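Reader: Let us look at how two parts of a chain meet. Please take me through the reading.

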Amino acid sequence: DFLCISLVNGFAQLRYNLGDRTVILQTLQKVHTNGNTWHLLNAGRIGNEGYLDLDGINVTQKASPGMNALDTHSDFFVGGVSSLNLVNPMAIENEPTGFTGCIREMVINNRELNLTVTDPKGGANIGDCDGTDCGYTVCKNNGTCQVGNSGFSCSCPKDWTGTKCEQSIHCSQNMCGSHALCIPQPSSFSYTCACALGWTGKYCNNKIRFYIAKFVGNSYIKYTDPFYGKRDLQYSRLSLNFTTNQTEGLIAWMGKSEDEDNDFLAIGLANGTLKVVINLGERISVPLMHRKYFTCSDGRWHFTTVVQNQTCVKVYLDEELILFEDIDPQRKYTALNYGGICYFGGFEIGRKVNIVTTGLFHKEFIGKIKDVVLFQDSKKIQLMKAEGYNIHDGNSGN
């Protein structure tokens, strides 16, 4: 399998093969080769339907029956490859040759790749294209860059300040402690402090310990599983206790959540009902809903366990088996490659649950979580030792 973007006789070309046939798309117009014109190129695929867009002019290859997953586990190359022998002969029209020109603002699956000296895994014979201290996106938040005798300076929009326009004016005089992030509130010309795990208070100066994590809606915990490399990912298990009086919310998400192709196991609430979704590969499984009774949003503690045995999923609620389903009898994908990452209550600040989960869950969790156990581990996860923000001590009043 491959996906390749190249220049052919002055035209931009996209080629991809998902295992059965090579699809070829070519732009309708040529690329300017005068060396001073920037072009915007969008290319990709949804299933086996491809699209190629150069400066707003789109070419689409309609989907047809066949493969619809890109199975590539190799490095991602930009501008050339370490050895031209690595290039599949079907990926390009002529003999492979490296790209000569400039590339900037490269976004893969909604994540920008930093084309810097330090971020890529490797490379060779790369220079700075801009040639000035301004470079690409030195000034943040739509700031304007000017080159001066002593480097660069940024002219910032009205709500931003700092040498690179990176700081909100609402946070310029903030009193948040060293264990906090300042979150600007432009509508009220103010700010709030987001407290790191283990800290609380208006300015996050009060140290706390907890065994029960209380989530207030803009909270999350991100736990990295130290035993991930030793797990048998065909037999996953997640159990926890939760309590809430809300009818919507993401309780737990096992998976990296970096792009839509990542495997995941998710537990949450929808309309007061327990909702479980598992994706073991190219497709998202049908969400598993428990419709028998609506008791999950009653403010009481509930114990839930989700067990994945290859493609068979069992869901227990308060010791009762409420769901048992084979999500893929064909056994095409049988392992939960979750990357050793578990989120509880939501995702990082600025990442909305409804966007990250593509609408599977609508809101961050408001309530309490305790007694989280992964797989058949003899010990509970120590949530205090994870990372996260805006977690309160839920021990009191239980």
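Author: Start with charge pairing. A salt bridge is a side-chain nitrogen of Lys or Arg within 4 Å of a carboxyl oxygen of Asp or Glu. Between domain 1 and domain 3 the count is 1 salt bridge. This is a predicted model, where local features need pLDDT of at least 70, side-chain atom pairs count only at pLDDT 80 or more, and totals for chains, interfaces and linings use all residues. Residues are numbered from 1 along each chain as its sequence is written, and side-chain values use heavy atoms, with hydrogens and water left out.

Reader: Which residue forms a salt bridge with R111?

Author: E258 does, with the closest N and O atoms 3.6 Å apart.

Reader: Where do the domain bounds lie?

Author: Such bounds come from an automatic or database domain assignment. Here the assignment gives domain 1 (2-112), domain 2 (174-208) and domain 3 (213-393). The C-alpha centres of domain 1 and domain 3 are 36 Å apart. Contact means heavy atoms within 4.5 Å. Domain 1 brings 5 residues to the contact and domain 3 brings 6.

Reader: What area is buried between domain 1 and domain 3?

Author: Buried area is the accessible area (1.4 Å probe) that two parts lose on being put together, summed over both. The value is about 460 Å², and carbon and sulfur atoms give 32% of it. In domain 1, A69, N109 and R111 lose the most area to domain 3, together 69% of what that side buries.
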